[in-house]
Amino acid sequence: MEHIEASNGKTLTGGCFCGAVRFEASGPWTVQCCHCSLCRRATGAPYSWNVLMAAGQFRYTAGSDEPESTIAGASSDKIKRLSCAKCGCLAVGDAHGYGLRVVPIGTIDGINEANEVREELRPQRHIFYANRILDVRDGLPKHTLLPGVPGNEVVTEK
């Protein structure tokens with residue numbers, strides 16, 4: 001997986017809506033927009049914008065080692081989506097099948113500076129674009145599956 005280093009050695013912090021679940025994470029990480037049906041249903045959006053990092057780079061700083069609630073029906077054998085038991089906010093995905101943590105962009109503190117998304121948090125690609133429900137014309141690579149997976153193709157914008 002291609003990574004982008006956190007600029008200036010920054011650490012990401014964030015958490016759920018009510019603050020009961022808090023976390024921090026360090027680079028390297030990758031940022032991508034996922035169009036798979038599980039992400040769409042879990043977020044209620046056309047696609048999810050996530051920061052992915054190795055599980056060892058992520059730790060909870062408030063709350064238990066894992067949020068108490070798992071979103072029913074939005075998990076698979078590869079990823080478990082964890083939400084706060086108090087406010088219900090989707091806090092993090094545990095992609096145990098890949099050894100990754102999937103952090104929704106909206107849970108990260110200070111994602112924008114002067115109304116611009118911080119450079120290190122801008123998406124690098126779209127994944128599972130073959131499952132999209134709308135076309136996105138942003139100039140980013142659009143993978144039908146995941147980069148490096150047999151059968152993956154990069155879709156050209158029209």
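Tutor: The structure holds 7 salt bridges, a salt bridge being a side-chain nitrogen of Lys or Arg within 4 Å of a carboxyl oxygen of Asp or Glu. This is a predicted model, in which local features need pLDDT of at least 70 and side-chain atom pairs count only at pLDDT 80 or more, while totals for chains, interfaces and linings use all residues. Residues are numbered from 1 along each chain as its sequence is written, and side-chain values use heavy atoms, with hydrogens and water left out.

Student: Which residue forms a salt bridge with aspartate 109?

Tutor: The partner is arginine 22, with the closest N and O atoms 2.5 Å apart. Aspartate 109 lies in the loop between strand 9 (100-104) and strand 10 (112-113), and arginine 22 in strand 2 (residues 22-26), so the pair ties together parts 87 residues apart in sequence. Strands (E, at least two residues) are DSSP runs, numbered from the N terminus.

Student: What joins glutamate 24 and arginine 59?

Tutor: Their side chains meet in a salt bridge of 3.0 Å, N to O. Because glutamate 24 lies in strand 2 and arginine 59 in strand 5 (residues 58-62), this pair ties together parts 35 residues apart in sequence.

Student: Is glutamate 119 buried or exposed?

Tutor: Buried means under 20% relative accessible area, exposed over 50%, and partly exposed in between (1.4 Å probe, protein chains only). Glutamate 119 is exposed, at 52%, whereas its salt-bridge partner arginine 122 is partly exposed, at 34%.

Terms used: Helix = DSSP H or I, 4+ residues; strand = E, 2+ residues; numbered from the N terminus.
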